[in-house]
Amino acid sequence: MTFTSMNPHRPADVVATAEETDVGSVDRAVKVAGPAADVWWHQPVAARSAALRGIGDTLRDRLEELAQLTTREIGKPITEARGEVVRAISIFHYYAQMLLGPDGESYPASLPGAWLLVRRFPIGVCGLVTPWNFPVAIPAWKLAPAIAYGNAVLLKPAPPATQTALLLGEIVNAHVPGDLVQVLPGGGPTGEALVGHRGVGAISFTGSAAVGRMVAPAVVSRGGKVQCEMGGQNASLVLADADLDRAVQAISFAAMGYAGQKCTATSRVIVEAPVYDEFRSLLVDAVEAMQVRDPSRDECQVGPLIDEASRDRALRAIAASGGDVLTGGAAMEGDGFYLQPTLVEVRDGEDILAQEEVFAPVTALMRADSADAAVDIANDVRYGLSAAIFTSDLGGTIRLGDRLEAGLVRVNAPTAGVDFHVPFGGLKDSSLGSREQGLAARDFYSETRTIMIAG
């Protein structure tokens with residue numbers, strides 16, 4: 001069975017046609033990955049570190065090629081696509097250095113003259129199931145620590161980002177032994193085969209909450225490790241003492257940039273009553289000024305949605321809302337899957353735009369009677385990934401920030417944006433399992449063994 005990925009700006013442009021990886025092929029990939037992992041783990045640590053640094057260097061050399069492909073295949077604005085590759089470069093360089101840190105600990109032993117050690121060992125074969133919206137950075141932040149700590153990797157990318165994943169795989173494979181890193185193109189059946197395979201010791205999944213809730217028990221039931229990052233309904237809180245111009249600039253891009261297709265995009269803007277009317281006017285102006293262009297142009301800020309089905313879902317959500325459309329709300333004329341950046345004033349906390357992730361340039365604007373009420377509104381959803389507070393009151397920030405139910409809280413900064421060297425993940429329906437990135441990635445992609453050495 002074959003499938004295609006297409007250019008969302010120009011759907012007639014077929015970027016890639018690939019053969020779906022069937023169950024038998026997944027099984028064969030697992031069987032050759034295990035021995036490759038064993039050979040890789042026994043390489044000197046300096047060799048593994050050098051390989052990761054080499055991957056980062058090659059990404060830097062091929063930055064423009066990879067960025068242009070990303071823009072063509074998934075419609076990401078070219079400036080953001082370049083930034084994503086830069087981030088991937090930093091990720092591989094970071095783990096190349098992290099790999100040279102301590103790999104264990106020592107403890108006092110109960111026997112005289114004995115040593116009691118705790119050391120880290122690789123899991124073996126890791127399966128990575130990644131989304132289309134960050135086709136370079138998300139595979140990178142999973143793949144780099146996985147191979148750094150001695151594992152083999154089977155990468156199952158989302159079908160719309162197939163060609164980008166294959167190019168990333170080509171770059172990585174130039175620096176590691178054969179069969180260590182394999183890209184398995186395909187859709188749901190390929191993912192199910194990977195998730196259910198007993199030879200895969202760990203699964204790292206990024207995608208929808210509905211799929212993540214199926215992935216986690218399937219992996220745990222066979223004794224594997226699992227982490228799932230599953231989206232958000234992220235709120236930006238604008239308090240009465242905030243710098244409104246600064247808040248508008250940050251929020252408009254976090255909400256509408258890249259057509260809102262980020263798990264950390266601002267889905268709700270909750271504004272304290274004394275500044276609500278002024279802020280609403282400023283935000284409408286800022287949203288209307290967003291540059292919706294061909295994503296290959298440097299001035300593009302928004303770009304198309306990934307496919308027609310995604311645009312249709314967003315339009316249905318707008319139509320189902322009981323709020324007032326302040327700007328946007330319609331598909332744009334032309335060949336690509338474009339939707340006008342849309343701001344909807346919502347009064348009911350149960351409104352679909354207040355509760356459910358749309359994954360499009362659609363944002364709910366809500367009023368709060370106080371800062372505490374704003375936090376209550378922000379928390380009243382099933383997700384808890386990212387949140388932002390705009391204020392000039394540091395003391396209030398600490399108090400309110402402690403109350404926000406989100407894995408990532410940012411002050412006077414957009415909800416969208418993740419530092420690659422710190423743990424990343426959410427609360428409630430946003431995440432299952434351990435965090436990603438930084439030292440948390442070391443914990444996930446390795447396991448400890450306690451070793452007693454008696455004299």
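**Sheet, helices and salt bridges**

Colleague: In β8, which residue is the bridge partner of Leu128?

Modeller: The partner of Leu128 in β8 is Ser204. Strands (E, at least two residues) and helices (H or I, at least four residues) are DSSP runs, numbered from the N terminus. Two strands pair if DSSP finds at least two bridges between them.

Colleague: What should I know about the model and its numbering?

Modeller: This is a predicted model, in which local features need pLDDT of at least 70 and side-chain atom pairs count only at pLDDT 80 or more, while totals for chains, interfaces and linings use all residues. Residues are numbered from 1 along each chain as its sequence is written, and side-chain values use heavy atoms, with hydrogens and water left out.

Colleague: In which sense do β5 and β8 pair, and over how many bridges?

Modeller: Strand β5 (residues 125-130) and strand β8 (residues 202-206) are parallel, with four bridges between them.

Colleague: What is the order of the strands in the open sheet?

Modeller: The order is β7-β6-β5-β8-β9-β19, six strands with mixed pairing. The edges are β7 (181-183) and β19 (431-433); each has a single partner strand, so one side of each lacks a neighbour in the sheet. From one strand to the next, the twist averages 10 degrees.

Colleague: Which strands does α5 touch as it packs on the sheet?

Modeller: Helix α5 touches β5, β6 (152-157), β7 and β8, and its direction makes about 175 degrees with that of β5. Contact means heavy atoms within 4.5 Å. Axes are lines fitted to C-alpha atoms, for helices over the stretch in contact, and angles run from 0 to 180 degrees between N-to-C directions. Helix α6 also packs on the sheet, touching β6 and β7, at about 165 degrees to the direction of β7.

Colleague: Changing topic, how many residues has α2, and what does it reach from first C-alpha to last?

Modeller: Helix α2 (residues 45-61) has 17 residues and reaches 25 Å, close to the 24 Å expected. The expected span is 1.5 Å times one less than the number of residues.

Colleague: What do the buried residues of α2 pack against?

Modeller: They pack against α1 (23-41), α3 (63-74), α4 (78-98), α5 (137-148) and α6 (162-173). Buried means under 20% relative accessible area, exposed over 50% and partly exposed in between (1.4 Å probe, protein chains only). Among the buried residues of α2 are Arg48, Leu52, Ile55 and Leu59.

Colleague: And which residues of α13 are buried?

Modeller: Ala371, Ala374, Val375, Ala378 and Asn379 are the buried residues of α13. Their arc around the axis is only 130 degrees, which puts them on the same side of α13. The arc is taken from the directions between the helix axis and the C-beta atoms. Their cover includes β10 (234-238), β11 (266-272), β14, α14 and β18 (427-428).

Colleague: How many salt bridges does the structure hold?

Modeller: There are 26, a salt bridge being a side-chain nitrogen of Lys or Arg within 4 Å of a carboxyl oxygen of Asp or Glu.

Colleague: With which residue does Asp376 form a salt bridge?

Modeller: Asp376 pairs with Arg403, the closest N and O atoms being 2.5 Å apart. Asp376 is in helix α13 and Arg403 in helix α14 (residues 394-403), so this pair links distant parts of the chain, 27 residues apart. Asp376 is partly exposed at 44% relative accessibility, and Arg403 is partly exposed at 31%.
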